[in-house]
Amino acid sequence: MDRLGFIERHGLWSDDQARLGAELRQRVAKDDVSLIRLAWADPHGATRAKVVTVPTFVDALTEGYNINVATSTLDASGGRVFTSFVRGGGMGLDEMTGSPNLIIVPDPGTFRTLPWAPGVGWVQCDEYFVDGRPFHFSTRRLLRRQLERLAERGMRHVVGLEVEWYLARVVQDDLTPENIGSPGQRGRPIETVPVEPGYMYHSESNVDLLQPMLSELAEVYDTLGLGLRSMENEFGPGQVECTFVAGDASRVT
């Protein structure tokens with residue numbers, strides 16, 4: 001009898017995920033994909049990733065993929081917060097002793113190919129201890145637990161994302177020593193200039209200066225199935241607001 005893989009042995013996929021995983025094995029073998037990013041979110045909401053080859057990814061659909069716990073022990077600037085290599089992992093938790101390695105398990109339903117990176121796939125992952133126990137700092141797991149608590153009370157969480165950001169043009173040719181930081185200390189930002197003058201709220205004339213990039217972004221959002229609702233020129237120089245169709249928070253888990 002064949003030995004059960006990590007995912008099947010610990011019952012980490014639903015029947016639907018198992019079906020999608022089987023389909024995904026066939027898909028990546030046929031599609032023009034050479035690398036896949038295995039992604040997870042750290043406690044600050046920043047996306048972390050390992051980039052693996054197609055054979056490694058296919059294996060991860062059975063065995064998961066080994067990572068270390070470091071991304072859960074850093075602050076938002078990359079500085080170390082916990083002294084990992086002591087008993088309790090610096091957190092007073094027995095299960096964190098030895099700075100334990102983790103296994104990330106791809107969620108096949110989240111697989112996408114990245115429009116801006118030809119030949120590169122992307123998939124969200126869940127983190128587990130090597131004995132199959134869920135990693136308690138997994139942000140996806142924490143969200144699911146809260147959604148379950150709401151459901152027990154007959155409620156649900158609806159999310160409508162609004163993101164404001166700045167479109168700028170890089171005017172610095174090279175990184176300088178001042179741009180390079182150190183653990184816990186960010187370097188100075190590179191020099192940029194805005195692509196439009198700003199301070200004309202909802203100006204259609206200023207939108208024309210932004211339009212080439214906005215049109216490309218709209219295509220990317222559509223390809224990724226993000227449900228773009230609107231794009232607008234905000235108040236500041238190069239400031240843009242994007243809103244997305246509201247939906248149940250469970251669809252992002």
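Helices (H or I, at least four residues) and strands (E, at least two) are DSSP runs, numbered from the N terminus. The structure described here is a predicted model, in which local features need pLDDT of at least 70, side-chain atom pairs count only at pLDDT 80 or more, and totals for chains, interfaces and linings use all residues. Residues are numbered from 1 along each chain as its sequence is written, and side-chain values use heavy atoms, with hydrogens and water left out.

**Overall build**

The protein has five helices and 13 strands. Its C-alpha atoms fill a box of roughly 65 × 45 × 40 Å, taken along the principal axes. Of its 253 residues, 35% count as buried; buried means under 20% relative accessible area, exposed over 50%, and partly exposed in between, with a 1.4 Å probe and protein chains only. Among contacts (heavy atoms within 4.5 Å) with a separation of 6 or more, 57% join residues 24 or more positions apart.

**Nonpolar cores**

In soluble globular proteins, nonpolar side chains tend to be buried together. A nonpolar core is here a set of buried Ala, Val, Leu, Ile, Met, Phe, Trp, Tyr and Cys residues joined through side-chain atoms within 4.5 Å. The largest such core has 28 residues, and Ile36, Leu38, Phe57, Val105, Phe111 and Val123 have the most contacts inside it. At least two residues of this core come from each of helix H1 (6-9), helix H2 (15-30), strand S1 (35-41), helix H3 (54-63), strand S4 (102-106) and strand S6 (120-129). Apart from this core lies another, of 10 residues, including Leu167, Leu214, Tyr221 and Phe244. Leaving aside residues up to four places away in sequence, Phe57 touches Leu24, Val28, Ile36, Leu38, Val52, Pro106, Phe111 and Val123.

**Helix H2**

The 16 residues of H2 should span 22 Å at 1.5 Å a residue, and its end C-alpha atoms are 24 Å apart, which agrees; the expected span is 1.5 Å times one less than the number of residues. The buried residues of H2 are Gln17, Gly21, Leu24 and Val28. Seen down the helix axis, these buried residues fall within an arc of 60°, so they line one face of H2; the arc is that of the directions from the axis to the C-beta atoms. H3 is included in what covers them. The face turned away from the buried side carries the exposed residues Asp15, Gln26, Ala29 and Lys30.

**Arg169**

Arg169 lies in strand S9 (residues 168-170) and is partly exposed, with a relative accessible area of 49%. Not counting residues up to four places away in sequence, Arg169 touches Glu191, Thr192, Val193 and Val195. Arg169 and Arg188 are 19 residues apart in sequence and 16 Å apart in space, C-alpha to C-alpha.
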